[in-house]
Each structure stands twice: as C-alpha cells, then as structure tokens.
Amino acid sequence: MSEANKVQVGGSHYKQHKIQIWDAILDWNLGYLEGCVVKYVARFRNKGGIEDLEKARHYIDKLIEVEKARGLK
C-alpha cells in the first residue's frame, strides 16, 4: 500500500474500500472530468448522498459538452 493511501484527510469514505478510487482512476487512465464522476458516484452512499450524485451529473453534463465540441457522437 502506498504511503498516500494510508492517510485520508477529511473523513474515511474512501479508505473503507479495497481499492482506492484514485488508484482506479489512474489505472483506467481517466481524465479529470471522468475521474470526478467516478469519485462522486463511488462515495455518495457514505458521504454526500444525493448532492454527490448531482455533482456527478454536473461533471457528466460538462463532459458531454466537451465531447460534443470535439465531434464525438
């Protein structure tokens, strides 16, 4: 386990899982927007509830805008 994974500032909502969310984001080579979506969806039951789902949706909306502007259909 990495040294950074042993510490969580501001709660324990990530440490209670076998896989740290940031490790999954890095492994999957996700960008910032995708990473935020994964983060908020993964933690909503243990931290922010519906507000975290709304945050995830907000990042998805931005991701859709960006990808449409790039020509993705």
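**Notes on the helices, core and pairings**

1. Let me start at Arg70, which counts as exposed at 63% relative accessibility (exposed is over 50% relative accessible area, buried under 20%, and partly exposed in between, with a 1.4 Å probe and protein chains only). The side chain of Arg70 meets that of Glu67 in a salt bridge, 3.1 Å from N to O (a salt bridge is a side-chain nitrogen of Lys or Arg within 4 Å of a carboxyl oxygen of Asp or Glu).

2. A word on the basis of these notes: this is a predicted model, where local features need pLDDT of at least 70 and side-chain atom pairs count only at pLDDT 80 or more, while totals for chains, interfaces and linings use all residues. Residues are numbered from 1 along each chain as its sequence is written, and side-chain values use heavy atoms, leaving out hydrogens and water.

3. Glu65 forms a salt bridge with Lys62, where the closest N and O atoms are 4.0 Å apart. Glu65 and Lys62 are three residues apart in helix α3, so about one helical turn separates them. Glu65 counts as exposed at 52% relative accessibility, whereas Lys62, at 43%, counts as partly exposed.

4. Helix α2 deserves a look of its own. Helices here are DSSP runs (H or I, at least four residues; strands are E, at least two), numbered from the N terminus. With 12 residues, α2 reaches 17 Å from its first C-alpha to its last, close to the 16 Å expected at 1.5 Å a residue (the expected span is 1.5 Å times one less than the number of residues). Its buried residues are Leu33, Gly35, Cys36, Val37, Tyr40 and Arg43. Among the elements that cover them are α1 and α3.

5. The largest nonpolar core is made of seven residues: Leu33, Cys36, Val37, Tyr40, Ala56, Tyr59 and Leu63. Both α2 (32–43) and α3 (50–69) supply at least two residues of this core, and α2 gives the most, with four. By definition, such a core is a set of buried Ala, Val, Leu, Ile, Met, Phe, Trp, Tyr and Cys residues joined through side-chain atoms within 4.5 Å. In soluble globular proteins, nonpolar side chains tend to be buried together. Ala56, setting aside its neighbours within four places in sequence, is in contact (heavy atoms within 4.5 Å) with Val37, Tyr40 and Val41.

6. The rings are worth checking too: the structure holds two aromatic pairs. Tyr32 and Tyr59 form an edge-to-face pair, 6.0 Å centre to centre with 65° between the planes. Tyr32 lies in helix α2 and Tyr59 in helix α3, so this pair ties together parts that are 27 residues apart in sequence. For the terms, rings of Phe, Tyr and Trp (its six-membered ring) pair if their centres lie within 6.5 Å, with planes under 30 degrees apart called stacked, over 60 edge-to-face and the rest tilted. Ring pairs link Tyr32, Tyr40 and Tyr59 into a cluster. Tyr32 itself counts as exposed, at 61% relative accessibility.

7. Finally, a glance at Gly31, found in the loop between α1 (21–27) and α2. This glycine is partly exposed, with a relative accessible area of 30%. Gly31 and Leu63 are 32 residues apart along the chain, and their C-alpha atoms are separated by 10.0 Å.
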